[in-house]
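Work through the exercises below with the model open. Try each task before reading its solution.

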Amino acid sequence: MEVTDEALNNERLQAAARFKAFMMKNSTKTNLNLYEHLVRLLTKVMDERPENAVDVIEDMSRELKASILQEKQDTLRDSACSSAALLLAEQQKALFTRAAGDEGDREEDLVESPLPNVAELAFFFEQAGVGLGREEMHRVFLALKQLVDSQCLLRCRFWGKIFGTHSNYLVAEGEFREGEGEEEEGTEQTHEDEEREEEPREDKDETELVEAADPPPKSTYKPPPPVPKEENHTGVNKYTYFVCQEPGMPWVRLPMVSPAQITVARQIRRFFTGRLDAPVVSYPPFPGNEANFLRAQIARISAGTHVSPLGFYQFGEDEGEDDGLRDSYEENPNFEGINVNEMAESLNLWVHHVQHILTQGRCVWVNVTKKSADDVDEDAEDEEREEESDEPEPEVGPPLLTPLSEDSKINDTPPWSTMVSSNLIPQFSIAVLRSNLWPGSYAYASGRKFGNIYIGWGMKYIGEAYTPTIFPPPQNEYPSGPEITEALDPSVEEEQALKAALEEQTAALEETEDLEEDEEEDD
């Protein structure tokens, strides 16, 4: 059987196609195939035309492969990654670096530093099953060091952590040195307030015309006098608080709290968002934003849950001062500690060392109805009325260092729960105290050492379903009376009867006038 040239050519073409398909199979290690690699290699040899191409073709092949892989690696390496975890890691990187000026710190400066021992606090609370984890507590420790280095603080303490729906708050409690850190509250009127006041003046003429035709009644409501805010370093504003969302982020100083903010915070329930400038939409309306609401909740939690062992603090030797009016104490150098089992069994061995917040929203009651001497001189009548009126009774709360056994229950729920950290090794156990009214608040005591911490949502236990405050009924715009009561339209018969009665009355008056004129003429 003879084979033609055409058949041979077809067979050769099919073999070449099969060979090309074999060479175009990609490698299992790299995304390359032999056909494309040979094409690039021969193209490079033809472009460069090296001497002794047979000797260097292996090196050229290796360089070509490396250049192709290197380009892909460069593309992956240069791609930007802006994840939240990476940004947070970049911010926290500064916590683990030491400034150049810190290398020459003296030992005296380290001893006098107000930096708290957060590692020791985490160690004791870890035994009680409370804490944020060792890694996070270590980052909090470094963040507090940044705060102490940037602020002139006399004392500093890790207060705790408050959760939010979007982000959380790490809270630090500090006390400034005397004469430093005073908060200046501006009383200047902003441009927006001026515009708001000028807006009603444009329609002043129209309003005056309406009032002249139908003057509205004057309101007799007098708002209660505002309760003054407690000064810095006293009462609820005794300490200054700083917050940050994550260790490494800048610390933000919270404003001072006012009695009105504490009063409204007791009537509402709201989760934190994690944004200090977020509005607080509630009823009654809260006077401020989330930063003010956070500061009010911190004051309430501190006043209710910050406790210490009995005898650790004592009052100074101030004779003639009532215990109910004391606002300061000092550490007892002779305190030797209390047995752990005794502290876990009796609440009488724990005391409050933060002043109680009164219903007025202050720690020290103030008479807001008492007027100043200038107001009394200007208005003598008001002075007489004030003398006749009864003075309000001053409100007095529990004094400092009051035992926890006197705390009241909520719906038969005890305010505190006590336990021992370990029954297996009692010689190294600690006494742990947990607040049931403020879930997330804990305290520990071991010998001469104790601590307080709060890790929660900033919500108080109320013992029942929360019912929002009901809106008050709307007041009457005008007092009811005959001059403003709308009368019903009379019927046709009533109009005719009234017209006939008026005509009879007119005729009777005319007859009476004629008789009087006749009598005068006769006289």
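**Exercise 1: the largest cavity**

About 190 Å³ of space lies in the largest cavity. A cavity is a set of points on a 1 Å grid over the protein atoms alone where a 1.4 Å probe fits but cannot get out. The model is predicted: local features need pLDDT of at least 70, side-chain atom pairs count only at pLDDT 80 or more, and totals for chains, interfaces and linings use all residues. Residues are numbered from 1 along each chain as its sequence is written, and side-chain values use heavy atoms, without hydrogens and water.

Task: find which residues line the largest cavity closest to its centre.

Solution. Step one: lining residues have an atom within 4 Å of a point. Step two: of the 19 that qualify, Gly235, Lys238, Tyr239, Val354 and Gln355 are the closest to the centre. Step three: sort the lining into 10 nonpolar, five polar and four charged residues. Step four: helix H11 (residues 290-305) gives the largest share, four residues.

**Exercise 2: Thr240**

Task: is Thr240 buried or exposed?

Solution. Thr240 has 6% relative accessibility, so Thr240 counts as buried (under 20%; exposed is over 50%, with a 1.4 Å probe and protein chains only). Thr240 lies in strand S3.

Notes: Helices (H or I, at least four residues) and strands (E, at least two) are DSSP runs, numbered from the N terminus. On a 1 Å grid over the protein atoms alone, a cavity is a set of points where a 1.4 Å probe fits but cannot get out, and a pocket is an open set with protein on both sides within 12 Å along at least five of seven lines; lining residues have an atom within 4 Å of a point. Grid points are joined across faces, edges and corners, and a volume is the space filled by probe spheres set on the points. Ala, Val, Leu, Ile, Met, Phe, Trp, Tyr, Cys and Pro count as nonpolar, Asp, Glu, Lys and Arg as charged, and the others, Gly among them, as polar.
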